[in-house]
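Please look over the sequence and the structure below before reading on. The report that follows goes through the chain part by part.

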Amino acid sequence: MTVTRDTIRTARRAIAAAGLFAALACRGSDTQTNQAGGNGGAAAPGAAALPARFALGSPADSAMLAAINIDVNPAGAGLPPGRGSWATGKPLYAAKCAMCHGVNGEGGNGGFYPALIGPEPRDSFPFAHDAKIPHTIGNYWPYATTLYDYIHRAMPYTAPGSLAPDEVYSIVAYLLAENQVIPRDAVIDATTLPKVKMPAHDRFVPDDRHGGPTFR
Ligand code: HEC
């Protein structure tokens, strides 16, 4: 199909009218419908129907999908091969995290950089009597596995996704040990991390509310 100026103008109108570009893509095989929905009867006589496809984007190949398929769920599914411990994590934390989260994980910049280290005072849940106590990995984080997910996905803040699996495992091990959740000599990998139970784990309950009609 030849793309004429009219085609492009019609397409622009269709996009504006539809509001959602996706709506066009879904109806790509039905050019009549697209044109009827988009040109409002204003197209010049003989204007070409919209093409079945617009030459936008490119098919996602498996490498592209793998690059964004990085989630690790609470049970540990998705954890990659690799390993680390407190000893390998300590210098990494100092080099890549301490400038924001503090040398001792105490947080910084008036709380803008969250505190990460702060063991739970055993046998208590301090937020019950003071909601302003900083939430840390030690006193609030419910799953050890999602630490891997979050740090790999989002940190360091200025270069998310830049850490290799061994680096993430090492930093996770360092943070867990500093929060007194694991011993310093524990090796953290895809097998051991899901077995780590976080101090605050039992403070959370599944949200089984059903909500209103729009949330069913
Ligand atoms: C440039 C500053 C900066 C650096 C460097 C940085 N972070 Fe962060 N980090 C942040 C900010 C800001 C947030 C809060 C983000 C938000 O709430 O959306 C955060 C949030 C976090 C959280 C979640 C805390 C919570 O209680 O929700 C973790 C865990 C974390 N960072 C770990 C790390 C680790 C590990 C590193 C080093 C690899 C690192 N960060 C490097 C700025 C930084």
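## Loops, helices and the ligand shell

Asparagine 109 lies in the loop that runs between H6 and H7. The model is a predicted one, and in it asparagine 109 has a phi near 55°, which is a positive value in a residue other than glycine. Most residues other than glycine have a negative phi, and most peptide bonds are trans. Asparagine 109 counts as exposed, because 10 other C-beta atoms lie within 10 Å, and a residue is called exposed if that number is 12 or fewer.

The loop between H6 and H7 also holds glycine 102. Glycine 102 is partly exposed, since 17 other C-beta atoms are found within 10 Å. If residues up to four places away in sequence are not counted, glycine 102 touches Gly107 and Gly108. Glycine 102 and isoleucine 117 stand 15 residues apart in sequence, while their C-alpha atoms are 9.4 Å apart in space.

A positive phi is also found at glutamine 180, where the value is about 60° although the residue is not a glycine. Glutamine 180 sits in the loop between H8 and strand S2 (188-189), and with 14 other C-beta atoms within 10 Å it is partly exposed.

| Residue | Other C-beta atoms within 10 Å | Class |
|---|---|---|
| Glycine 102 | 17 C-beta atoms | partly exposed |
| Asparagine 109 | 10 C-beta atoms | exposed |
| Glutamine 180 | 14 C-beta atoms | partly exposed |

Turning to the chain as a whole, it has 8 helices and 2 strands, and from the N terminus on its elements follow the order α-α-α-α-β-α-α-α-α-β. Of the 216 residues in the chain, 26% are buried. Among the contacts between residues at least 6 apart in sequence, 59% join residues that are at least 24 apart.

Two helix pairs that involve H8 can now be described. H7 and helix H8 (residues 165-178) pack at an angle of about 125°, and their axes are 10 Å apart. This angle makes H7 oblique to H8, and the crossing of the two helices is right-handed. On the side of H7 the contact is made by Leu147, Tyr148, Ile151 and His152, and on the side of H8 by Val168, Ile171, Val172 and Leu175. By class, the residues of this contact between H7 and H8 are 7 nonpolar, 1 polar and no charged.

In the other pair, the axes of helix H5 (residues 86-96) and H8 come within 7 Å and cross at roughly 95°, so H5 and H8 are roughly perpendicular to each other. The residues in contact are Trp86, Thr88, Gly89, Lys90, Leu92 and Tyr93 of H5, together with Glu167, Ser170, Ile171, Ala173, Tyr174 and Ala177 of H8. The contact of H5 with H8 has 7 nonpolar, 3 polar and 2 charged residues.

Which residues come nearest to the ligand? Of the 17 residues around the ligand, these are Cys97, Cys100, Met155, Pro156 and Tyr157. Helix H6 (98-101) and helix H7 (145-154) are the elements that give two or more residues to the shell, and H6 gives the most, with 3 residues. The shell is made up of 13 nonpolar, 3 polar and 1 charged residues. Proline 156 is located in the loop between H7 and H8, and a cis peptide bond, with omega about -10°, joins methionine 155 to proline 156.

Notes: Residues are numbered from 1 along each chain as its sequence is written. This is a predicted model: local features need pLDDT of at least 70, side-chain atom pairs count only at pLDDT 80 or more; totals for chains, interfaces and linings use all residues. A residue is near a molecule or strand if its C-beta atom, placed from the backbone, lies within 6 Å of it. Helices (H or I, at least four residues) and strands (E, at least two) are DSSP runs, numbered from the N terminus. Ala, Val, Leu, Ile, Met, Phe, Trp, Tyr, Cys and Pro count as nonpolar, Asp, Glu, Lys and Arg as charged, and the others, Gly among them, as polar. Axes are lines fitted to C-alpha atoms, for helices over the stretch in contact, and angles run from 0 to 180 degrees between N-to-C directions. Angles under 35 degrees count as roughly parallel, over 145 as roughly antiparallel, 65 to 115 as roughly perpendicular and the rest as oblique. A crossing is left-handed if the near helix is turned anticlockwise from the far one by less than a right angle, and right-handed if clockwise. Two residues are in contact if their C-beta atoms, placed from the backbone, lie within 7 Å. A residue is buried if 20 or more other C-beta atoms lie within 10 Å of its own, exposed if 12 or fewer, and partly exposed in between; C-beta atoms are placed from the backbone.
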